[in-house]
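Here are my notes on the structure you asked about. Keep the picture open while you read, and go through the points in order.

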Amino acid sequence: MEENKPYTVSNYIELINSTLEGLFADIIGEISELKIASSGHIYLTLKDKDTGYILPCTIWKRDYDLIAIKLEVGMEILVRGKPDFYGPFGKLSFIAKHAELVGEGALKKAYDELKKKLTSEGLFEQSRKKPIPLFPQKIGVITSLHGAVIHDFSNNLKKFGFKVKIVDSKVEGPESGKFLTLAVRYFKKQDIDVLVLIRGGGSMQSLAGFDNEALVREISSFPVPVITGIGHHKDIPLATLVSDASESTPSLVATLLNKSWEEAVYSIDKKQSNILNIYSNWLENFSQKIESSFRKINSFLNNIIEKHKKAKELLRNATGRISLQIRLDRKKLIGIQTDILSGFKSTTEMIRIDKIPNTGKRIIELCLRGCKKISDKIKDISKLIESNDPDKLLKLGYSIISNSKGIIKSIKDIKIGENIEINVFDGKILSEVKNINK
Amino acid sequence: MKKEEQKVNLTENLDKLSKISEWFDARDEIDVEEGLTKVKEAVVLIKESKGRLSEIENEFETIKKDLDSEDQGESESDF
C-alpha cells in the first residue's frame with residue numbers, strides 16, 4: 001500500500017484482524033450473558049469479576065458440540081482463542097475455540113451431573129457392552145505419542161501380527177476432549193476390529209477430556225468394541241464407564257488384546273494332546289486284539305494238527321492189527337480146512353468099509369456142525385475186519401496222504417512245493433505243499 | 001505377513017479341532033480307520049493354526065491427523 005494513502009474500511013478491518021492474529025490467549029471470566037442462536041452458535045459475554053469489564057465471545061456450534069459443557073450464566077470459565085473484528089456489524093468479538101470450567105470443584109460438579117444424566121440414559125449399562133472379538137488384528141489406538149504410554153502399550157503387545165493404526169491426540173486437560181472425540185470419529189470410518197484409548201494417570205483436571213459428553217456418546221455408538229486404559233484415582237473417567245472393556249493401564253490393555261491369541265496356543269496344544277493320546281490308545285488296544293485273535297487261531301490250528309496226528313497213529317495201529325488178525329485168521333482157516341479134510345477123509349473111509357451104522361445120517365450131522373462152526377468163525381472175522389476197515393475211517397473224515405514215494409507219515413517225507421495226493425473216502429484230492437510246520 | 005498366514009481362520013480351525021476332539025471323547029468303540037482320517041484332518045488344522053500363531057511382527061502406522069483442517073468457516077450471521 002502506498003504511503004499516506006487512506007485505507008478502505010474493509011482493508012483496515014483486514015489489517016486489524018491480521019494484527020489480532022497474534023493475540024491468541026486463554027482468558028478467565030464469568031459468564032454474564034449467554035445466547036444460543038438458532039444455528040447453534042454461542043454468543044456470550046465474559047465479565048471480569050474485579051473490574052466489571054466485559055468481553056463479547058463467540059463459540060461456533062461445531063466447537064461448542066466438542067467442548068460438550070452446558071454453559072450457563074454465572075459460571076466461571078476459561079476460554080481459549082483469538083479476537084476477531086467482524087466487519088458487517090463493526091464489532092469485536094473473542095472467538096473461543098475451547099472453553100472449560102475453572103476449578104476442581106466445578107469439574108467435579110459437572111462430572112457428577114453428567115454421570116447422573118448418562119447413567120439415567122443407560123449408557124453405562126453392562127447389557128450395552130460389546131464383547132471383545134476373538135483374535136483382534138486391526139487395532140485403532142488413540143493416545144499421545146509424547147510420553148511412555150504408547151511404548152508401554154506396543155512393548156506389551158505380543159508378536160501375533162497386529163496391525164496398529166495410531167492417531168496422535170491431545171490427552172491432557174479438558175480441551176483434549178475435543179481432539180479425542182474427533183479421533184474417535186476418524187476411526188468410525190476405518191476398518192478396525194477394536195478401538196483403544198490409552199493414557200497414563202492424572203488428576204481430574206488432567207483427565208477431564210475423558211469426561212467429555214461428546215466423546216462418551218461417540219464411544220457409546222462406536223461400531224466395534226472400545227477398550228480404555230486410562231489411569232485414574234478416585235472418579236472413573238466417563239469414557240472408561242461407557243467403554244466395552246477397560247483396564248487400569250495401557251500395558252494391561254495390550255495383555256487383553258493378546259489374551260485370545262495366547263489362549264489359542266494353549267487350546268491347540270491341549271486338543272492336539274487329547275486327539276493323539278486317544279488315538280494312540282486305540283491303536284494299542286487294536287493291536288492287543290489282533291494279537292489275541294492270532295493266539296486263538298494258532299491254538300485252534302494246533303489243536304487240529306494234534307487231532308490229525310492222533311488219527312494218523314490210530315489208523316496206523318488199526319492197519320497193523322488188521323494185518324496181524326488176517327494172518328492169524330488165515331492160520332485158523334487153514335487149521336479148520338485141515339480138520340475138515342481130515343474128518344471128511346476118515347468119514348469117507350468109515351463109510352467105505354461100513355464100520356459105522358447109520359453112517360449117512362452121521363455124516364450129514366458132522367457136515368452141518370462143521371459148516372456152522374466155519375460160518376460163525378467167518379462172521380467173527382468179518383466183524384473184526386469191518387471194525388478196522390480203512391474205508392470206514394476215511395468216511396469218518398480221516399484221510400491218507402501220499403506222494404510219489406508212498407504214504408506220508410512224517411513231515412520229513414515231503415518238501416514245500418511237492419505235489420501230494422489226499423485220499424478221502426470218495427476220491428482223491430491233488431494238492432501242493434505250501435508250508436510245513438512242526 | 002505371508003498370504004497363507006492371513007488366510008488361516010483361527011476361529012474356524014479351533015472350532016473344527018474342538019469337534020474332532022469331542023468326536024474322540026464321545027467314541028465308545030474303537031474305529032481305527034475313521035480315527036485315522038480325523039487325526040490326519042486334525043494334523044493339518046494344527047499345523048495351519050500353529051503357523052498362524054508363530055511369531056509375526058506387528059505393524060504400526062501413525063496417523064498424523066490435522067484436526068484443525070476440519071474446521072469450517074463460520075459466520076456471525078446470527079447477530
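1. Start where the two chains meet. Keep in mind that this is a predicted model. In it, 42 residues of chain A are in contact with 37 residues of chain B. On the chain A side, β7 (163-168), α5 (176-188) and α8 (250-353) each supply at least two of the touching residues. The largest share, 15 residues, comes from α8(A). Sorted by class, that side of chain A has 27 nonpolar, nine polar and six charged residues.

2. β7(A) pairs with strand β1 (residues 59-63) of chain B in the parallel sense, over five bridges. To find one of them on screen, pick A:Lys165: its bridge partner in β1(B) is B:Glu61. If you wonder what holds such pairs together, strands of a sheet pair through backbone hydrogen bonds, either parallel or antiparallel.

3. Next, step back to the whole sheet. Which strands form it, and in what order? Six strands form an open sheet, running β10(A)-β9(A)-β8(A)-β6(A)-β7(A)-β1(B), with parallel pairing. β10 (245-247) of chain A and β1 of chain B stand at the edges; each has a single partner strand, so one side of each is left without a neighbour in the sheet. From one strand to the next, the twist averages 20°.

4. Stay with that sheet and look at β6 (residues 138-143) and β8 (residues 194-199) of chain A. These strands pair in the parallel sense over four bridges, and A:Ile139 has A:Val194 as its bridge partner in β8(A). α5(A) packs on the sheet, where it touches β6, β7 and β8 of chain A. The direction of α5(A) makes about 165° with that of β6(A).

5. A few overall figures for chain A. The chain has 10 helices and 14 strands. Of its 438 residues, 24% count as buried. Take the contacts in chain A between residues at least 6 apart in sequence: 64% of them join residues at least 24 apart.

6. Which residues of α3(B) are buried? They are B:Gly35, B:Lys38, B:Ala42, B:Leu45, B:Ser49 and B:Arg52. Looking down the axis of α3(B), you'd see these buried residues fall within an arc of 105°, so they line one face of the helix. The spacing is worth a thought: an α-helix has 3.6 residues a turn, so residues three or four places apart point the same way. The face of α3(B) turned away from the buried side carries exposed residues, namely B:Val32, B:Glu33, B:Thr37, B:Lys40, B:Val44 and B:Lys47.

7. Most residues other than glycine have a negative phi. A:Ala68 is not a glycine, yet its phi is positive, about 50°. A:Ala68 is in the loop between α2 (61-67) and β4 (76-86) of chain A. A:Phe135, also not a glycine, has a positive phi of about 50°, and its place is in the loop between α3 (104-120) and β6 of chain A. Buried or exposed? A:Ala68 counts as buried because it has 20 C-beta neighbours inside 10 Å, whereas A:Phe135, with 19 such neighbours inside 10 Å, counts as partly exposed.

Technical notes:
Residues numbered from 1 in each chain as written. Chains lettered and ligands numbered in written order. Predicted model: local features only at pLDDT ≥ 70, side-chain atom pairs only at ≥ 80, totals over all residues. Contact = placed C-beta atoms within 7 Å. Nonpolar A, V, L, I, M, F, W, Y, C, P; charged D, E, K, R; others polar. Pairing = 2+ DSSP bridges. Buried ≥ 20, exposed ≤ 12 C-beta atoms within 10 Å, placed from the backbone. Axes fitted to C-alpha atoms, helices over the stretch in contact; angles between N-to-C directions. Arc of directions from axis to C-beta.
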